[in-house]
Amino acid sequence: MAGKVKWVTDIEKSVLINNFEKRGWVQVTENEDWNFYWMSVQTIRNVFSVETGYRLSDDQIVNHFPNHYELTRKDLMVKNIKRYRKELEKEGSPLAEKDENGKYLYLDFVPVTYMLPADYNLFVEEFRKSPSSTWIMKPCGKAQGKGIFLINKLSQIKKWSRDSKTSSFVTQSTKEAYVISLYINNPLLIGGRKFDLRLYVLVSTYRPLRCYMYKLGFCRFCTVKYTPSTSELDNMFVHLTNVAIQKHGEDYNHIHGGKWTVNNLRLYLESTRGKEVTGKLFDEIHWVIVQSLKAVAPVMNNDKHCFECYGYDIIIDDKLKPWLIEVNASPSLTSSTANDRILKYNLINDTLNIAVPNGEIPDCKWNKSPPKEVLGNYEIL
């Protein structure tokens with residue numbers, strides 16, 4: 001048994017298990033000595049919790065940072081980005097430059113967002129400036145499009161706050177917190193449909209920050225053509241690209257799953273908008289990702305036993321400006337199509353090659369900069 005990596009996972013997905021088995025690693029239970037644990041976000045809480053947590057030894061590696069939620073909870077991500085801007089402003093950094101209306105020239109990559117109920121008054125003030133705007137409300141801690149709705153009248157939010165008064169509104173428990181963001185109502189459409197980008201970003205360490213972008217991301221399309229018409233505000237097939245929602249639409253295609261590769265998107269944009277602006281868009285997307293990671297790096301518990309593969313959701317508007325919508329800590333490993341399965345298998349394969357060099361028993365003391373030839377489809381950002 002000596003010399004074989006011993007693995008555990010509480011996520012029963014073939015793309016994971018096939019990768020471990022291909023390497024000849026040995027499956028053990030979490031109560032035995034393990035070297036590599038691919039765990040859900042619930043489990044990571046227990047591993048690092050003060051009460052139940054235990055010390056990881058140098059030959060143990062896990063796939064989340066202890067407080068990954070600083071980036072992956074919608075409210076905390078926005079809070080950290082706002083703090084980062086303020087700090088850059090204090091330092092007089094040219095990055096924090098603003099235009100004459102007080103808008104950030106470079107750091108304006110997250111839609112205007114408020115926390116509810118805490119920022120309710122600020123939100124109302126902003127809403128009154130442009131009363132015809134549409135806003136999107138999301139529960140802070142949920143994924144897959146659950147609990148999301150759109151509003152364009154203050155009365156709708158008043159009704160919502162009344163309806164939720166019955167719940168423990170005072171405790172501001174994480175359950176009840178919502179974020180409300182200005183809805184990007186001029187998304188870039190392809191074939192009349194709205195889409196977003198799912199990009200995978202691997203962080204091997206936050207200090208120093210070392211991050212990799214996976215080249216094989218994809219676009220997720222809505223099944224119904226987009227209309228900014230307010231009569232369609234309740235139709236989530238028009239507005240939400242989450243596969244968990246779209247797969248219930250009658251126009252959902254089970255062969256391609258409403259997905260396009262990032263390469264296809266690039267070719268399409270180069271042919272319709274030109275090479276130069278397309279190149280600039282992709283540079284900007286990379287820049288946004290790095291800035292978001294820099295924003296959370298100071299608060300991230302940079303545990304040497306950890307790495308993380310994040311799922312970034314980006315929307316491009318019709319001016320080819322990328323907007324960071326959210327970051328997922330456990331991007332779905334469920335495959336909706338055959339291509340999807342191949343992509344996710346390769347994603348895990350390349351991730352493991354960087355996180356567990358040569359598939360050998362991990363050693364947390366190594367400097368975490370793998371040679372170029374093992375990066376696979378990852379490129380260093």
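How many nonpolar, polar and charged residues does the lining of the largest cavity have?

## The largest cavity

In this predicted model, a search of the whole structure finds 2 cavities of 30 Å³ or more, and the largest cavity has a volume of about 70 Å³. By class, its lining has 7 nonpolar, 1 polar and 1 charged residues.

The residues that line the largest cavity are Ile-61, Leu-202, Ser-204, Cys-306, Phe-307, Ile-354, Ala-355, Trp-366 and Lys-368. Strand S10 (193–206) and helix H11 each supply at least two residues of this lining.

## Helix H11 and Asn-346

Helix H11 covers residues 338–355, and Asn-346 is found in this helix. Asn-346 is partly exposed because its relative accessible area of 25% falls between the 20% limit for buried residues and the 50% limit for exposed ones. The C-alpha atom of Asn-346 is separated by 8.8 Å from that of Asn-19, although the two residues are 327 residues apart along the chain.

An open sheet of 4 strands has the order S5-S8-S6-S7, with antiparallel pairing. The edge strands, each pairing on one side only, are S5 (113–116) and S7 (149–151), and neighbouring strands of this sheet are turned by 25° against each other on average, with direction ignored. Strand S6 (residues 135–139) is joined to S7 by 3 bridges, the two running antiparallel, and Trp-135 stands opposite Ile-151 in S7.

Helix H4 (residues 74–90) lies across S5, S6 and S8 (178–182), running at about 130° to S5, while helix H5 (residues 120–129) lies across S5, S6, S7 and S8, running at about 140° to S5.

Technical notes:
Residues are numbered from 1 along each chain as its sequence is written. This is a predicted model: local features need pLDDT of at least 70, side-chain atom pairs count only at pLDDT 80 or more; totals for chains, interfaces and linings use all residues. Side-chain values use heavy atoms; hydrogens and water are left out. Buried means under 20% relative accessible area, exposed over 50%, partly exposed in between (1.4 Å probe, protein chains only). On a 1 Å grid over the protein atoms alone, a cavity is a set of points where a 1.4 Å probe fits but cannot get out, and a pocket is an open set with protein on both sides within 12 Å along at least five of seven lines; lining residues have an atom within 4 Å of a point. Grid points are joined across faces, edges and corners, and a volume is the space filled by probe spheres set on the points. Ala, Val, Leu, Ile, Met, Phe, Trp, Tyr, Cys and Pro count as nonpolar, Asp, Glu, Lys and Arg as charged, and the others, Gly among them, as polar. Two strands pair if DSSP finds at least two bridges between them. Axes are lines fitted to C-alpha atoms, for helices over the stretch in contact, and angles run from 0 to 180 degrees between N-to-C directions. Contact means heavy atoms within 4.5 Å.
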